[in-house]
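Please read it alongside the coordinates.

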Amino acid sequence: MRKYLAITPARDEQALLPNLIACMVSQTVRPERWIVIDDGSGDATGEIIDQAAAQHPWIEAHHVPRGKPRAPGGESVLMNYLPAELWGRFDFILRLDADLTFGPEYVDHLMREFARDPKLGITGGTLFEPAGKRWREVRQPAFHVRGATKMYSRACFGAIGGLEAALGWDTIDEARAMMLGFRSRSFRHIRAFHHRPAGSAAGRWRGHLAAGRAAFYAGYSPVYMMARALKRATEPPWITSGVLLLVGYFEGYLRRRQMVDDPKLVKFVRRQQLRRLAKMDSVWR
């Protein structure tokens, strides 16, 4: 149970991708296969991937033409290279962003958690992001694994049907997994460093809107979203983040956008959210 497939999308990542490649090369447990996708880059990302593939036979390079239409969220690009007959041959599937770094035992630590818990379906490390000259831990509930670094067991990946080609995919996968009896867990003693800067204020505003839109697609409860927005309004940037979160969410109702096509999942998500608000037992704790 040590055989895994890794996959990474990369767009305009010439500055950061070499660091991730170095981390993967140094892993004590290397992937049997690492699919790295140049997702329409306009810089030297494609050349970097090709050079790495030429040096390491377990790295597989793919190139997507620039400007090719795709679904929001970007996971449709990954799933094009993850047919069931491929990932079904591996014990684990590891999805990584191109702007990460981590220690040589990162994957080994993730696998040890799977060995400890037979019900674990999704796991990942805790992310640290730049905060001036220091690194800041990105705090999150233990059940949530950030989309930048996720490892799935083969059984879980098959049960949830792979990754959703939409915003909110990294919430939907966890909710589906928990609904089907798997556990989702991130671990604070397993660390990964997310080098992508937060960006400009305009970028952060778009991020809050996107988070609201993703929550709508994932079927979040309006009551839960109101509570979440109130909490966000007490964090920098004050008030704005909570307002934009709600704008993105309720925009889905106003524009009659489509939610995830899974009524059982929406019912499960809303029930767990309301139980959490009421401080009752919930899988989201």
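1. With which residue does Glu-174 form a salt bridge? The partner is Lys-150, and the closest N and O atoms are 3.1 Å apart. A salt bridge here is a side-chain nitrogen of Lys or Arg within 4 Å of a carboxyl oxygen of Asp or Glu. The pair links distant parts of the chain, with Glu-174 in helix 7 (residues 169-179) and Lys-150 in strand 8, 24 residues apart. Glu-174 and Lys-150 are buried, where buried means under 20% relative accessible area, exposed means over 50%, and partly exposed lies in between (1.4 Å probe, protein chains only).

2. On provenance and conventions: this is a predicted model, in which local features need pLDDT of at least 70 and side-chain atom pairs count only at pLDDT 80 or more, while totals for chains, interfaces and linings use all residues. Residues are numbered from 1 along each chain as its sequence is written, and side-chain values use heavy atoms, with hydrogens and water left out. Helices (H or I, at least four residues) and strands (E, at least two) are DSSP runs, numbered from the N terminus.

3. The structure holds 21 salt bridges. One of them joins the side chains of Glu-164 and Arg-176 at 3.1 Å, N to O. Glu-164 lies in the loop between helix 6 (154-159) and helix 7, and Arg-176 in helix 7, so this pair ties together parts that are twelve residues apart in sequence. Both residues, Glu-164 and Arg-176, are buried.

4. Another salt bridge is formed by the side chains of Arg-196 and Asp-99 (3.7 Å, N to O). Here too distant parts of the chain are linked: Arg-196 is in the loop between strand 9 and helix 8 (201-217), Asp-99 is in the loop between strand 4 and strand 5, and the two are 97 residues apart. Arg-196 is partly exposed at 35% relative accessibility, whereas Asp-99 is buried at 5%. Separately, Arg-2, Asp-108 and Arg-112 are linked in a network of salt bridges.

5. Strand pairing requires that DSSP find at least two bridges between two strands. Strand 6 and strand 9 run parallel and are joined by eight bridges; within this pairing, Leu-127 stands opposite Ala-192 in strand 9. Strand 5 (residues 100-102) and strand 9 (residues 183-194) run antiparallel, with three bridges. Ala-192 in strand 9 is also the bridge partner of Phe-102.

6. The side chain of Thr-123 reaches the backbone oxygen of Arg-185 at 2.8 Å. Beyond neighbours within four places in sequence, the contacts of Thr-123 (heavy atoms within 4.5 Å) are Leu-110, Phe-114, Val-145, Thr-149, Lys-150, Met-151, Arg-185 and Phe-187.

7. Helix 5 (residues 106-116) has Tyr-106, Val-107, Asp-108, Leu-110, Met-111, Glu-113 and Phe-114 buried. The cover over its buried residues includes strand 1 (4-10), strand 4 (92-96), strand 5, strand 6, strand 8 (149-153) and strand 9.

8. Ile-37 lies in strand 2 (residues 33-39) and is buried, at 0% relative accessibility. Its C-alpha atom is separated by 7.8 Å from that of Ile-7, 30 residues apart along the chain. Ile-37 touches Ile-7, Thr-8, Pro-9, Ala-10, Ile-49, His-62, Val-64, Val-77, Leu-78 and Tyr-81, not counting residues up to four places away in sequence.

9. Two backbone angles deserve a look. Asp-12, in the loop between strand 1 and helix 1 (17-25), has phi near 55°, a positive value in a residue other than glycine. Asp-12 is partly exposed, at 34% relative accessibility. Lys-279, in the segment after helix 11 (263-277), has a positive phi of about 60° although it is not a glycine. Lys-279 is exposed, with a relative accessible area of 78%.

Methods
Polar contact = N/O pair within 3.5 Å; in protein donor to acceptor, adjacent residues only side chain to side chain.
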